[in-house]
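Subject: Handover of a structure and findings

Dear colleague,

Please find below the structure that I am handing over to you. My notes on what was found in it follow directly after.

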Amino acid sequence: MVFTGGGVLALVIVMALFAPMYVRDPMNMDPFKTLQPPSAAMWFGTDNLGRDVFARTVFGARLSLTVGLMVVASTALSGLLIGVIAGYHRGFDSIIMRVMDGLMSIPTILLAMALVSLAGSGLSILIVAITIPQIPSTARLVRSVVLSVRERPYVEAALCGGARAPKVLWRHILPNTIPALMVQSANICASAILTEAGLSFLGAGVSPEIPSLGNMISSSRLYLGLAPLTVFAPGVWLAVTVLAVNLLGDGLRDLFDPRLKRRR
Amino acid sequence: MSGSLLKVESLTKHYGRGTGFLRKTEPAVRAVEDVSFSVEAGETLCIVGESGCGKSTVARLLMRIVEPTAGRVIIDGVDIAGLKSHALRAWRRRMQMVFQDPYSSLNPRLTAGQIITEPVENFERLRRKQSQALAAELLRKVGLAPDMMHRLPSELSGGQRQRLGIARALALQPSLIIADEAVSALDVSVQAQILNLLMDLQQQLGIAFVFISHDLSVVEHIGHRVAVMYLGRIVELASCEALFAMPVHPYTEALIAAAPVPDPTRVRREVPVEGEVPSPINPPSGCTFHPRCPIAVERCRIERPPLVPMADGRVVACHVRAPALDIHAECSRKDADRSEAVNPELSFAVGRSDFP
């Protein structure tokens, strides 16, 4: 699973990364060539404004992956920080975790819409809006790992040996949180990509002229009968990307789970 | 007595008394109650008792892994039970611990060398060469080959791992090592090796041990003095020979009688002790042992027996046996009070203030 997911994901990432080198300008409109069928020049045809659907799909995936990675990076960092503090310092624990419970109750879509209407649409707002509701689950996960690891005899032994708290955390506790955090990060990445597409579809994401998979499905859905690829191409691309990320996550979980490892 | 390396006074630990915001008040588990003893330099004090009697908690209290509810732990005249964590670090060098489980007490991600040199690196910065030399020296001390420093704990056997745990405890050159069931997770043949290693180290380096065990044969082999714990309290503290030759407290008697002896000719006294250890949440009134005690009298139900010093230097907490056996208890107590500094045998008398 790691190899299937990782392979497909690597392909999607490479295609997105080098998109400007092999596709046309995704913003370029041609009013004389709207809703064209696929051709050698334009593999997925054109949309209702005469833009290259293949170019827009690849650039859309670029945006999706950017959002996914940025959300993962910011959730992992803040979740790790909050989780470690809550798990290691029992005084802060109940306060922090109640705040996290509060954050958990915020619906992602609603928060994103509120933020976009306050600050205007933009990639950074979108990332913040998707990140905030994801932090509690990561923080909880990290906290639970820290709570179980800090009771292990080797952590007690390190304290007996005169290690200071930062060293104990860095050397003995943090390395144990990494496997769980990586699995969780894959799941968060997948759901962040889907949330971004959903928000763009609703018009609460990036502005409509920017190629994003959600934007494309949203603006082309009226022409589904005339040019089905304008909807299916970004849809399938989205599904494959999310599937690849999820497969990678599942594979990582199996890889890190000692019980499953032994059975193999 | 000022000569003691470690002196423990009325050490008490109650668990789960936490009251706080959004937290229920629960009845406290009285894990350790009013435990006092002292350890001289270079001697081995064993603490024995059934599981759940609080002996491991005593070890963790001594190391300040858990905070004591009350009591004092005095090393070199300083009470470390009250020290804040940064002041405590300096005292870590004097006292180290060997853990029960050689598997979970070693970080699986670090190499043997990293594990045993870490305590020293907490206090001083070592160059790569220095730490390698230190690791090699420590490994040699515990009978392992120096080239093992690059191995991971998972590549070592249980006995080798426990030697590693001992090497880690030796790294800071402590004067006292607390060994919490240090051999009980090992095979019997390996147990003997580790015990002999500990005794050799004691002879070479003059290290004192607080050796916690439930295995009486191990205690008989390694101990100089033995404290018997029951339900969080010390019920008898005596020299090893005296305790095994003639246990006074009925619980000690039962423990020794219950231990299997690989000698068919040895006469065993059967002591009927029935029932389970009562819950430390709600310990019995009076003497905590009275519900299971074969010789309990009415007084045991009502009044808690204090630890009474006996003529041969041991202390026992029993209404029936202690006064009966010790006709001179009163005079020896007075003597003990007067000659505290001169008579080391009597000076570990515990809870003397309780004496009626």
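Which residues in α7(A) are buried? In this predicted model, they are Pro153(A), Tyr154(A), Val155(A), Glu156(A), Ala157(A), Ala158(A), Leu159(A) and Cys160(A). With 8 of the 8 residues of the helix buried, α7(A) is largely enclosed by the rest of the structure. The cover over these buried residues comes from both chains: it includes α6 and α8 of chain A, and α2 (85-92), β6 (95-98), α3 (112-121) and α5 (158-170) of chain B. Just after α7(A), Gly162(A) has a positive phi of about 90°.

Helix packing in chain A

Helix α6 (residues 123-149) of chain A packs against α8(A) at an angle of about 160°, and the two axes are 9 Å apart. Angles over 145 degrees count as roughly antiparallel, and α6(A) and α8(A) are therefore described in that way. Their crossing is right-handed. From α6(A), the residues that make this contact include Leu126(A), Ile130(A), Leu141(A) and Val149(A); from α8(A), they include Ile173(A), Leu181(A), Ile188(A) and Leu199(A). The contact of α6(A) with α8(A) has 13 nonpolar, 6 polar and 1 charged residues.

On the α4(A) side, the contact involves Met100(A), Leu103(A) and Met104(A). These meet Ile132(A), Pro133(A), Ile135(A), Pro136(A), Ala139(A) and Arg140(A) in α6(A). The residues of the contact of α4(A) with α6(A) divide into 8 nonpolar, no polar and 1 charged.

The nonpolar core and chain B

In soluble globular proteins, nonpolar side chains tend to be buried together. In this model, the largest nonpolar core has 160 residues, and those with the most contacts inside it are Ile178(B), Val210(B) and Val228(B). The element that gives the most to this core is helix α3 (residues 53-88) of chain A, with 15 residues. Leaving aside residues up to four places away in sequence, Val210(B) touches Val39(B), Leu45(B), Ile47(B), Ala59(B), Leu62(B), Leu176(B) and Ile178(B).

Chain B contains 12 helices and 12 strands. Of its 356 residues, 43% count as buried. Among the contacts in chain B with a separation of 6 or more, 63% join residues 24 or more positions apart.

With kind regards

Notes: Residues are numbered from 1 along each chain as its sequence is written. Chains are lettered from A and ligands numbered from 1 in the order in which they are written. This is a predicted model: local features need pLDDT of at least 70, side-chain atom pairs count only at pLDDT 80 or more; totals for chains, interfaces and linings use all residues. A nonpolar core is a set of buried Ala, Val, Leu, Ile, Met, Phe, Trp, Tyr and Cys residues joined through C-beta atoms within 7 Å. A residue is buried if 20 or more other C-beta atoms lie within 10 Å of its own, exposed if 12 or fewer, and partly exposed in between; C-beta atoms are placed from the backbone. Helices (H or I, at least four residues) and strands (E, at least two) are DSSP runs, numbered from the N terminus. Two residues are in contact if their C-beta atoms, placed from the backbone, lie within 7 Å. Axes are lines fitted to C-alpha atoms, for helices over the stretch in contact, and angles run from 0 to 180 degrees between N-to-C directions. Angles under 35 degrees count as roughly parallel, over 145 as roughly antiparallel, 65 to 115 as roughly perpendicular and the rest as oblique. A crossing is left-handed if the near helix is turned anticlockwise from the far one by less than a right angle, and right-handed if clockwise. Ala, Val, Leu, Ile, Met, Phe, Trp, Tyr, Cys and Pro count as nonpolar, Asp, Glu, Lys and Arg as charged, and the others, Gly among them, as polar.
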